Amino acid sequence: PAADNSHQDGMSTRSSEYAEHAWTRDESIVAIALRRGGLEEASAAVVENLLGFYADSAQRNRFVKYVLTDTATAKEWYAKGIHIPHIKAKIENGKMVPFEQWGHQQLDAMGMWLWTTFRSANVGLVDLHELNERFASEINPNEANDSVLGLAIKFLNRIEYWDQDDFGPWEDKMFRKRGTSVGICVAALEKAQQFFESHPHRYNALPNGPDSEAHIYLKLELENAIFHGRRALEERVPKDGRLAVENDRWQSDAALTFLLYPFSPTLEPAQESALLRRIFERDKSGQFCRIGELGISRRGEDDYVGQDYIYNPGGNGIFADMNTPGYKPAEWTLFDGLLCGYFARRYINSVREGGLPKEDTLSLLYAKRFFRRMASQFTKEDDQFTLAADGTTISTNKGVIPEAFFWDSKEERWRANHNTPLLMANAAHALALERMVHALAMHEALHRR
(Lines give C-alpha, C1' and ligand atoms only; values in the text may rest on other atoms or scores of the structure.)
Protein backbone atom coordinates (compact mmCIF):
# COMPACT_ATOMS: atom_id res chain seq x y z
CA PRO A 1 0.00 0.00 0.00
CA ALA A 2 1.06 3.59 -0.58
CA ALA A 3 0.07 5.15 2.74
CA ASP A 4 -1.67 4.51 6.04
CA ASN A 5 -2.97 7.12 8.43
CA SER A 6 -5.55 4.99 10.25
CA HIS A 7 -5.78 5.46 14.02
CA GLN A 8 -7.41 3.61 16.89
CA ASP A 9 -8.26 6.41 19.29
CA GLY A 10 -12.01 6.04 19.69
CA MET A 11 -12.82 9.05 17.52
CA SER A 12 -14.51 9.17 14.13
CA THR A 13 -11.48 8.55 11.94
CA ARG A 14 -10.84 7.14 8.53
CA SER A 15 -7.90 5.48 6.89
CA SER A 16 -6.30 6.83 3.75
CA GLU A 17 -7.50 5.01 0.66
CA TYR A 18 -3.84 4.20 0.13
CA ALA A 19 -3.87 1.87 3.14
CA GLU A 20 -6.17 -0.57 1.35
CA HIS A 21 -5.03 -0.30 -2.24
CA ALA A 22 -1.86 -0.38 -4.30
CA TRP A 23 -1.01 1.50 -7.46
CA THR A 24 1.39 0.26 -10.13
CA ARG A 25 3.07 3.67 -10.13
CA ASP A 26 3.80 3.65 -6.41
CA GLU A 27 5.01 0.06 -6.34
CA SER A 28 7.37 0.70 -9.25
CA ILE A 29 9.04 3.68 -7.56
CA VAL A 30 9.31 1.78 -4.28
CA ALA A 31 11.02 -1.13 -6.06
CA ILE A 32 13.63 1.24 -7.52
CA ALA A 33 14.26 2.88 -4.15
CA LEU A 34 14.67 -0.47 -2.39
CA ARG A 35 17.28 -1.61 -4.90
CA ARG A 36 19.16 1.69 -4.67
CA GLY A 37 19.12 1.34 -0.90
CA GLY A 38 20.75 -2.09 -1.08
CA LEU A 39 17.58 -4.01 -0.19
CA GLU A 40 17.74 -6.16 -3.30
CA GLU A 41 15.63 -9.06 -2.05
CA ALA A 42 12.82 -6.71 -1.05
CA SER A 43 13.07 -4.91 -4.39
CA ALA A 44 12.94 -8.19 -6.31
CA ALA A 45 9.89 -9.21 -4.29
CA VAL A 46 8.05 -6.04 -5.33
CA VAL A 47 8.99 -6.57 -8.99
CA GLU A 48 7.84 -10.18 -8.80
CA ASN A 49 4.58 -9.17 -7.11
CA LEU A 50 3.87 -6.62 -9.84
CA LEU A 51 4.63 -9.13 -12.59
CA GLY A 52 2.36 -11.66 -10.91
CA PHE A 53 -0.40 -9.06 -10.76
CA TYR A 54 -0.25 -8.58 -14.52
CA ALA A 55 0.38 -12.25 -15.33
CA ASP A 56 -2.82 -13.27 -13.52
CA SER A 57 -5.25 -14.89 -15.94
CA ALA A 58 -7.85 -12.09 -15.78
CA GLN A 59 -5.26 -9.39 -16.36
CA ARG A 60 -3.39 -11.33 -19.03
CA ASN A 61 -6.59 -12.01 -20.96
CA ARG A 62 -7.24 -8.26 -21.14
CA PHE A 63 -3.93 -7.80 -22.94
CA VAL A 64 -4.76 -10.72 -25.23
CA LYS A 65 -8.09 -9.15 -26.27
CA TYR A 66 -6.26 -6.03 -27.40
CA VAL A 67 -3.49 -7.92 -29.19
CA LEU A 68 -6.03 -9.96 -31.17
CA THR A 69 -8.03 -6.98 -32.39
CA ASP A 70 -7.38 -4.18 -34.89
CA THR A 71 -5.90 -0.81 -33.95
CA ALA A 72 -9.07 1.25 -34.47
CA THR A 73 -11.05 -1.01 -32.14
CA ALA A 74 -8.22 -1.18 -29.61
CA LYS A 75 -7.94 2.62 -29.47
CA GLU A 76 -11.68 2.94 -28.94
CA TRP A 77 -11.70 0.27 -26.23
CA TYR A 78 -8.86 1.98 -24.40
CA ALA A 79 -10.46 5.41 -24.49
CA LYS A 80 -13.68 3.94 -23.07
CA GLY A 81 -11.98 1.64 -20.56
CA ILE A 82 -13.26 -1.56 -22.19
CA HIS A 83 -11.33 -4.80 -21.44
CA ILE A 84 -8.57 -2.60 -20.04
CA PRO A 85 -5.70 -4.00 -17.93
CA HIS A 86 -5.90 -2.64 -14.40
CA ILE A 87 -3.21 -0.49 -12.82
CA LYS A 88 -4.86 -0.19 -9.41
CA ALA A 89 -5.24 -3.11 -7.01
CA LYS A 90 -6.89 -4.02 -3.75
CA ILE A 91 -4.66 -5.60 -1.13
CA GLU A 92 -5.96 -9.04 -0.12
CA ASN A 93 -3.80 -11.34 1.98
CA GLY A 94 -0.74 -9.37 1.00
CA LYS A 95 -1.40 -9.72 -2.74
CA MET A 96 -2.46 -7.24 -5.40
CA VAL A 97 -5.94 -8.08 -6.71
CA PRO A 98 -7.45 -6.10 -9.66
CA PHE A 99 -9.72 -3.25 -8.56
CA GLU A 100 -12.70 -2.64 -10.82
CA GLN A 101 -14.04 0.86 -10.07
CA TRP A 102 -11.25 3.04 -11.36
CA GLY A 103 -9.98 4.92 -14.39
CA HIS A 104 -7.24 2.51 -15.43
CA GLN A 105 -6.22 4.43 -18.55
CA GLN A 106 -2.87 5.47 -17.11
CA LEU A 107 -0.10 4.88 -19.61
CA ASP A 108 2.56 6.39 -17.36
CA ALA A 109 1.84 3.66 -14.80
CA MET A 110 2.02 0.96 -17.46
CA GLY A 111 5.35 2.38 -18.58
CA MET A 112 6.72 2.54 -15.03
CA TRP A 113 5.86 -1.13 -14.50
CA LEU A 114 7.65 -2.19 -17.70
CA TRP A 115 10.61 0.13 -17.00
CA THR A 116 11.09 -1.22 -13.49
CA THR A 117 10.70 -4.84 -14.61
CA PHE A 118 13.14 -4.70 -17.51
CA ARG A 119 15.57 -2.47 -15.62
CA SER A 120 15.59 -5.00 -12.78
CA ALA A 121 16.30 -7.78 -15.27
CA ASN A 122 19.05 -5.77 -16.98
CA VAL A 123 20.96 -5.35 -13.70
CA GLY A 124 20.49 -9.00 -12.74
CA LEU A 125 18.02 -8.42 -9.93
CA VAL A 126 15.39 -10.77 -11.37
CA ASP A 127 15.39 -13.59 -13.92
CA LEU A 128 12.45 -12.90 -16.23
CA HIS A 129 12.83 -16.24 -17.95
CA GLU A 130 12.45 -18.12 -14.66
CA LEU A 131 9.60 -15.88 -13.49
CA ASN A 132 7.66 -16.28 -16.72
CA GLU A 133 8.04 -20.05 -16.67
CA ARG A 134 6.88 -20.18 -13.07
CA PHE A 135 3.88 -17.93 -13.68
CA ALA A 136 2.95 -19.91 -16.79
CA SER A 137 2.97 -23.03 -14.65
CA GLU A 138 1.40 -21.69 -11.44
CA ILE A 139 -0.92 -18.90 -12.58
CA ASN A 140 -1.85 -19.69 -16.19
CA PRO A 141 -1.22 -23.41 -16.80
CA ASN A 142 -3.85 -23.53 -19.56
CA GLU A 143 -2.68 -20.42 -21.41
CA ALA A 144 -0.30 -20.06 -24.32
CA ASN A 145 3.34 -19.43 -23.54
CA ASP A 146 3.46 -15.78 -24.58
CA SER A 147 4.82 -13.74 -21.71
CA VAL A 148 2.59 -10.95 -20.40
CA LEU A 149 5.59 -8.67 -20.98
CA GLY A 150 5.52 -9.41 -24.70
CA LEU A 151 1.76 -8.97 -24.71
CA ALA A 152 2.12 -5.59 -22.98
CA ILE A 153 4.49 -4.36 -25.69
CA LYS A 154 2.02 -5.45 -28.39
CA PHE A 155 -0.79 -3.85 -26.39
CA LEU A 156 1.01 -0.48 -26.44
CA ASN A 157 1.28 -0.77 -30.22
CA ARG A 158 -2.39 -1.68 -30.70
CA ILE A 159 -3.63 1.37 -28.80
CA GLU A 160 -0.93 3.57 -30.36
CA TYR A 161 0.18 4.87 -26.98
CA TRP A 162 2.00 7.73 -28.73
CA ASP A 163 -1.36 9.16 -29.85
CA GLN A 164 -3.78 8.08 -27.14
CA ASP A 165 -6.02 9.66 -24.51
CA ASP A 166 -5.24 8.74 -20.92
CA PHE A 167 -5.60 10.01 -17.36
CA GLY A 168 -1.88 10.27 -16.71
CA PRO A 169 -0.20 10.45 -13.30
CA TRP A 170 -2.94 12.48 -11.60
CA GLU A 171 -5.67 10.03 -12.54
CA ASP A 172 -8.40 12.61 -13.05
CA LYS A 173 -8.77 14.14 -16.53
CA MET A 174 -8.09 12.50 -19.88
CA PHE A 175 -5.87 14.20 -22.45
CA ARG A 176 -4.26 13.03 -25.66
CA LYS A 177 -0.54 12.50 -26.06
CA ARG A 178 0.61 13.44 -22.57
CA GLY A 179 4.32 14.20 -22.38
CA THR A 180 4.82 12.02 -19.31
CA SER A 181 2.78 9.09 -20.61
CA VAL A 182 4.59 9.01 -23.94
CA GLY A 183 8.02 9.63 -22.44
CA ILE A 184 7.82 7.01 -19.71
CA CYS A 185 6.59 4.40 -22.19
CA VAL A 186 9.51 5.23 -24.49
CA ALA A 187 11.91 4.84 -21.55
CA ALA A 188 10.36 1.47 -20.71
CA LEU A 189 10.56 0.20 -24.27
CA GLU A 190 14.21 1.23 -24.44
CA LYS A 191 14.88 -0.89 -21.34
CA ALA A 192 12.98 -3.77 -22.97
CA GLN A 193 15.03 -3.45 -26.13
CA GLN A 194 18.23 -3.47 -24.07
CA PHE A 195 17.07 -6.68 -22.37
CA PHE A 196 16.15 -8.47 -25.56
CA GLU A 197 19.33 -7.43 -27.35
CA SER A 198 21.37 -9.02 -24.55
CA HIS A 199 19.05 -12.07 -24.43
CA PRO A 200 18.24 -12.59 -28.14
CA HIS A 201 16.84 -16.08 -27.60
CA ARG A 202 14.21 -14.63 -25.26
CA TYR A 203 12.55 -12.12 -27.56
CA ASN A 204 9.29 -13.76 -26.66
CA ALA A 205 10.49 -13.79 -23.02
CA LEU A 206 10.37 -17.58 -23.25
CA PRO A 207 12.85 -19.96 -24.96
CA ASN A 208 12.15 -19.46 -28.64
CA GLY A 209 14.95 -19.56 -31.16
CA PRO A 210 16.29 -16.27 -32.61
CA ASP A 211 14.82 -17.15 -36.02
CA SER A 212 11.35 -18.05 -34.75
CA GLU A 213 8.32 -16.11 -35.92
CA ALA A 214 7.59 -15.06 -32.34
CA HIS A 215 11.08 -13.61 -32.02
CA ILE A 216 10.90 -11.63 -35.26
CA TYR A 217 7.33 -10.47 -34.62
CA LEU A 218 7.99 -9.06 -31.16
CA LYS A 219 11.23 -7.43 -32.32
CA LEU A 220 9.30 -5.56 -35.02
CA GLU A 221 6.57 -4.60 -32.55
CA LEU A 222 9.16 -3.18 -30.18
CA GLU A 223 10.99 -1.24 -32.88
CA ASN A 224 7.71 0.22 -34.15
CA ALA A 225 6.62 1.30 -30.67
CA ILE A 226 9.95 3.01 -29.98
CA PHE A 227 10.04 4.76 -33.36
CA HIS A 228 6.59 6.31 -33.07
CA GLY A 229 7.03 7.05 -29.37
CA ARG A 230 10.23 9.00 -29.93
CA ARG A 231 8.60 11.10 -32.65
CA ALA A 232 5.68 11.97 -30.36
CA LEU A 233 8.02 12.64 -27.45
CA GLU A 234 9.93 15.18 -29.51
CA GLU A 235 6.66 17.05 -30.07
CA ARG A 236 6.11 17.31 -26.31
CA VAL A 237 9.77 17.67 -25.29
CA PRO A 238 11.28 19.64 -28.18
CA LYS A 239 14.87 19.99 -29.33
CA ASP A 240 14.39 23.48 -30.80
CA GLY A 241 14.36 25.65 -27.68
CA ARG A 242 10.62 25.52 -26.89
CA LEU A 243 9.44 24.55 -23.43
CA ALA A 244 8.31 21.00 -22.73
CA VAL A 245 4.55 20.36 -22.69
CA GLU A 246 2.55 17.88 -20.60
CA ASN A 247 -0.79 18.27 -22.41
CA ASP A 248 -2.68 20.82 -24.45
CA ARG A 249 -4.58 22.27 -21.46
CA TRP A 250 -1.95 22.20 -18.71
CA GLN A 251 1.37 22.63 -20.42
CA SER A 252 3.22 23.14 -17.14
CA ASP A 253 2.99 20.05 -14.95
CA ALA A 254 5.35 18.83 -12.23
CA ALA A 255 4.90 15.27 -13.52
CA LEU A 256 7.36 16.14 -16.31
CA THR A 257 10.02 15.66 -13.62
CA PHE A 258 9.57 11.88 -14.04
CA LEU A 259 11.22 12.19 -17.45
CA LEU A 260 14.34 13.62 -15.83
CA TYR A 261 14.52 11.06 -13.04
CA PRO A 262 14.18 8.17 -12.64
CA PHE A 263 12.17 7.14 -15.78
CA SER A 264 14.39 8.95 -18.26
CA PRO A 265 14.08 8.12 -21.94
CA THR A 266 17.05 8.88 -24.16
CA LEU A 267 17.11 12.69 -24.25
CA GLU A 268 19.35 15.18 -25.97
CA PRO A 269 20.70 18.09 -23.88
CA ALA A 270 18.19 20.44 -25.52
CA GLN A 271 15.33 18.19 -24.41
CA GLU A 272 16.57 18.10 -20.83
CA SER A 273 16.73 21.87 -20.99
CA ALA A 274 13.16 21.99 -22.31
CA LEU A 275 12.01 19.98 -19.28
CA LEU A 276 14.02 21.96 -16.74
CA ARG A 277 12.93 25.34 -18.07
CA ARG A 278 9.30 24.25 -17.86
CA ILE A 279 9.69 23.02 -14.28
CA PHE A 280 11.53 26.22 -13.30
CA GLU A 281 9.12 28.41 -15.25
CA ARG A 282 8.09 31.75 -13.71
CA ASP A 283 4.88 33.72 -14.15
CA LYS A 284 4.65 37.38 -15.22
CA SER A 285 5.28 38.54 -11.65
CA GLY A 286 8.50 36.54 -11.47
CA GLN A 287 7.15 33.86 -9.14
CA PHE A 288 7.83 30.20 -9.81
CA CYS A 289 4.78 28.53 -11.35
CA ARG A 290 5.47 25.10 -9.84
CA ILE A 291 8.19 25.38 -7.18
CA GLY A 292 6.56 26.53 -3.95
CA GLU A 293 7.47 27.30 -0.38
CA LEU A 294 7.52 23.72 0.92
CA GLY A 295 6.95 21.51 -2.08
CA ILE A 296 6.03 21.60 -5.75
CA SER A 297 2.52 22.14 -7.06
CA ARG A 298 1.22 19.74 -9.69
CA ARG A 299 -0.22 22.16 -12.26
CA GLY A 300 -2.40 25.25 -12.63
CA GLU A 301 -6.06 25.14 -11.57
CA ASP A 302 -5.46 22.34 -9.08
CA ASP A 303 -8.27 21.89 -6.56
CA TYR A 304 -7.16 18.54 -5.11
CA VAL A 305 -6.38 18.99 -1.37
CA GLY A 306 -5.75 22.67 -2.03
CA GLN A 307 -6.09 25.67 0.27
CA ASP A 308 -8.67 25.16 3.06
CA TYR A 309 -9.97 21.92 1.51
CA ILE A 310 -10.77 20.58 4.98
CA TYR A 311 -13.29 23.42 5.48
CA ASN A 312 -15.06 22.84 2.16
CA PRO A 313 -18.49 21.25 2.86
CA GLY A 314 -18.57 19.93 -0.71
CA GLY A 315 -15.84 18.46 -2.85
CA ASN A 316 -16.09 14.93 -1.47
CA GLY A 317 -13.79 15.88 1.36
CA ILE A 318 -10.72 16.16 -0.87
CA PHE A 319 -11.30 19.11 -3.20
CA ALA A 320 -10.84 22.79 -2.43
CA ASP A 321 -12.78 25.82 -3.58
CA MET A 322 -10.39 27.56 -5.98
CA ASN A 323 -12.40 30.80 -5.60
CA THR A 324 -10.96 31.17 -2.10
CA PRO A 325 -9.18 34.58 -1.87
CA GLY A 326 -5.46 34.27 -2.52
CA TYR A 327 -5.89 30.60 -3.38
CA LYS A 328 -2.79 28.39 -3.05
CA PRO A 329 -2.70 24.91 -4.59
CA ALA A 330 -1.35 21.96 -2.64
CA GLU A 331 2.43 21.53 -2.63
CA TRP A 332 3.57 17.94 -3.12
CA THR A 333 6.61 16.30 -1.53
CA LEU A 334 7.38 13.87 -4.34
CA PHE A 335 9.21 16.08 -6.81
CA ASP A 336 11.89 17.76 -4.71
CA GLY A 337 13.33 14.30 -4.15
CA LEU A 338 13.26 13.47 -7.84
CA LEU A 339 14.95 16.76 -8.75
CA CYS A 340 17.58 16.21 -6.08
CA GLY A 341 18.22 12.76 -7.50
CA TYR A 342 18.44 14.13 -11.04
CA PHE A 343 20.96 16.86 -10.23
CA ALA A 344 23.02 14.54 -8.01
CA ARG A 345 23.17 12.04 -10.88
CA ARG A 346 24.25 14.80 -13.27
CA TYR A 347 27.09 15.69 -10.94
CA ILE A 348 28.13 12.04 -10.55
CA ASN A 349 28.18 11.56 -14.33
CA SER A 350 30.28 14.71 -14.83
CA VAL A 351 32.95 13.44 -12.45
CA ARG A 352 32.92 9.97 -14.00
CA GLU A 353 33.34 11.44 -17.47
CA GLY A 354 36.15 13.87 -16.83
CA GLY A 355 37.04 14.37 -13.19
CA LEU A 356 37.90 17.82 -11.92
CA PRO A 357 38.05 19.61 -15.30
CA LYS A 358 34.48 18.58 -16.10
CA GLU A 359 33.07 18.68 -12.57
CA ASP A 360 29.50 20.02 -12.75
CA THR A 361 29.50 22.06 -9.54
CA LEU A 362 26.26 23.84 -10.49
CA SER A 363 24.39 20.53 -10.54
CA LEU A 364 25.76 19.72 -7.08
CA LEU A 365 24.53 23.08 -5.79
CA TYR A 366 21.05 22.39 -7.20
CA ALA A 367 21.09 18.91 -5.66
CA LYS A 368 21.93 20.41 -2.27
CA ARG A 369 19.16 22.97 -2.66
CA PHE A 370 16.49 20.34 -3.29
CA PHE A 371 17.95 18.13 -0.56
CA ARG A 372 17.45 20.94 1.96
CA ARG A 373 13.88 21.35 0.76
CA MET A 374 13.34 17.62 1.25
CA ALA A 375 14.56 17.88 4.83
CA SER A 376 11.93 20.55 5.54
CA GLN A 377 9.07 18.30 4.38
CA PHE A 378 8.92 16.04 7.42
CA THR A 379 5.96 16.95 9.62
CA LYS A 380 7.05 18.97 12.66
CA GLU A 381 4.25 17.93 15.03
CA ASP A 382 1.26 15.68 15.51
CA ASP A 383 -1.80 17.27 13.92
CA GLN A 384 -5.53 16.68 13.71
CA PHE A 385 -8.43 18.14 11.74
CA THR A 386 -12.04 17.38 10.90
CA LEU A 387 -13.32 17.30 7.33
CA ALA A 388 -16.33 19.56 6.91
CA ALA A 389 -17.61 17.38 4.07
CA ASP A 390 -18.32 14.27 6.16
CA GLY A 391 -17.33 15.03 9.76
CA THR A 392 -14.51 12.51 9.97
CA THR A 393 -11.41 13.32 11.96
CA ILE A 394 -7.94 12.89 10.50
CA SER A 395 -4.79 12.57 12.56
CA THR A 396 -1.28 12.91 11.21
CA ASN A 397 1.93 12.14 13.06
CA LYS A 398 5.14 14.02 13.61
CA GLY A 399 8.23 13.09 11.61
CA VAL A 400 6.62 11.64 8.47
CA ILE A 401 6.40 12.69 4.82
CA PRO A 402 2.90 13.60 3.61
CA GLU A 403 1.52 13.34 0.12
CA ALA A 404 1.19 17.12 0.03
CA PHE A 405 0.84 20.21 2.20
CA PHE A 406 -2.26 22.42 2.05
CA TRP A 407 -2.44 26.06 3.10
CA ASP A 408 -4.75 26.64 6.08
CA SER A 409 -5.71 30.30 5.83
CA LYS A 410 -7.45 30.23 9.24
CA GLU A 411 -4.31 29.08 11.03
CA GLU A 412 -1.97 30.68 8.48
CA ARG A 413 0.27 27.64 8.11
CA TRP A 414 0.99 24.72 5.82
CA ARG A 415 -0.44 21.42 7.07
CA ALA A 416 -0.04 17.82 5.96
CA ASN A 417 -3.04 16.46 4.06
CA HIS A 418 -4.97 13.31 4.96
CA ASN A 419 -2.80 10.99 2.85
CA THR A 420 0.07 10.94 5.33
CA PRO A 421 2.56 9.35 5.20
CA LEU A 422 2.91 8.66 1.47
CA LEU A 423 5.13 5.71 0.63
CA MET A 424 5.83 6.94 -2.91
CA ALA A 425 7.19 10.22 -1.51
CA ASN A 426 9.31 8.28 0.97
CA ALA A 427 10.70 6.28 -1.95
CA ALA A 428 11.54 9.46 -3.87
CA HIS A 429 13.34 10.84 -0.82
CA ALA A 430 15.25 7.55 -0.44
CA LEU A 431 16.33 7.67 -4.09
CA ALA A 432 17.57 11.22 -3.62
CA LEU A 433 19.41 10.39 -0.40
CA GLU A 434 21.30 7.52 -2.05
CA ARG A 435 22.32 9.66 -5.03
CA MET A 436 23.24 12.59 -2.78
CA VAL A 437 25.46 10.47 -0.53
CA HIS A 438 27.19 9.12 -3.64
CA ALA A 439 27.65 12.60 -5.12
CA LEU A 440 29.09 14.05 -1.90
CA ALA A 441 31.47 11.12 -1.52
CA MET A 442 32.72 11.67 -5.07
CA HIS A 443 33.10 15.40 -4.43
CA GLU A 444 35.12 14.78 -1.29
CA ALA A 445 37.36 12.21 -2.98
CA LEU A 446 37.90 14.50 -5.96
CA HIS A 447 38.98 17.44 -3.83
CA ARG A 448 41.25 15.41 -1.51
CA ARG A 449 43.67 14.85 -4.35
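Q: What should I know before I start picking residues?
A: This is a predicted model, where local features need pLDDT of at least 70, side-chain atom pairs count only at pLDDT 80 or more, and totals for chains, interfaces and linings use all residues. Residues are numbered from 1 along each chain as its sequence is written, and side-chain values use heavy atoms, with hydrogens and water left out.

Q: And the helix and strand labels?
A: They are DSSP runs numbered from the N terminus, with helices (H or I) of at least four residues and strands (E) of at least two.

Q: OK, sheets. In what order do E1, E2 and E3 sit?
A: The order is E1-E2-E3, an open sheet of 3 strands with antiparallel pairing. Two strands count as paired if DSSP finds at least two bridges between them.

Q: Which strands stand at the edges there?
A: E1 (21–23) and E3 (95–98); each has a single partner strand, so one side of each is left without a neighbour in the sheet. The twist averages 45° from one strand to the next. For angles like that, axes are lines fitted to C-alpha atoms, for helices over the stretch in contact, and the angles run from 0 to 180 degrees between N-to-C directions.

Q: How many bridges join E1 to E2?
A: There are 3 bridges between E1 and E2, the latter covering residues 88–92. His21 stands opposite Lys90, and Ala22 has Ala89 as its bridge partner.

Q: And how many join E2 to E3?
A: 4 bridges, again antiparallel. Ile91 is partnered with Met96 in E3. The E2–E3 hairpin has 2 residues between the strands, and Asn93 takes a positive phi near 55° there.

Q: What about the other sheet, the one with E6?
A: That one is an open sheet of 3 strands too, in the order E6-E9-E10, with antiparallel pairing. E6 and E10 are the edge strands, each pairing on one side only. E6 is joined to E9 (residues 404–408) by 2 bridges, and Glu331 stands opposite Phe405.

Q: Switching to helices. At what angle do H2 and H5 cross?
A: Roughly 130°, with the axes of H2 and H5 (residues 107–122) coming within 10 Å. H2 and H5 are therefore oblique to each other; angles under 35 degrees count as roughly parallel, over 145 as roughly antiparallel, 65 to 115 as roughly perpendicular and the rest as oblique. Their crossing is left-handed, a label used if the near helix is turned anticlockwise from the far one by less than a right angle, and right-handed if clockwise.

Q: Which residues make that contact?
A: On H2 they are Val47, Leu50, Leu51 and Tyr54, and on H5 they are Met110, Trp113, Thr116, Thr117 and Ser120. Contact here means heavy atoms within 4.5 Å. By class, the H2–H5 contact has 6 nonpolar, 3 polar and no charged residues. Ala, Val, Leu, Ile, Met, Phe, Trp, Tyr, Cys and Pro count as nonpolar, Asp, Glu, Lys and Arg as charged, and the others, Gly among them, as polar.

Q: How does H11 pack with H13?
A: H11 (residues 334–354) and H13 meet at about 25°, with their axes 8 Å apart. That makes H11 roughly parallel to H13, and the crossing is left-handed. The contact includes Gly337, Gly341 and Ala344 of H11 and Ala425, Ala428 and Ala432 of H13. Its classes come to 15 nonpolar, 4 polar and 3 charged residues.

Q: How many salt bridges does the structure hold?
A: 34, where a salt bridge is a side-chain nitrogen of Lys or Arg within 4 Å of a carboxyl oxygen of Asp or Glu. One of the pairs is Arg25 with Glu171, at 3.0 Å, N to O. That pair links distant parts of the chain, 146 residues apart: Arg25 is in H1 (residues 24–36), and Glu171 is in the loop between E4 (165–166) and E5 (175–176).
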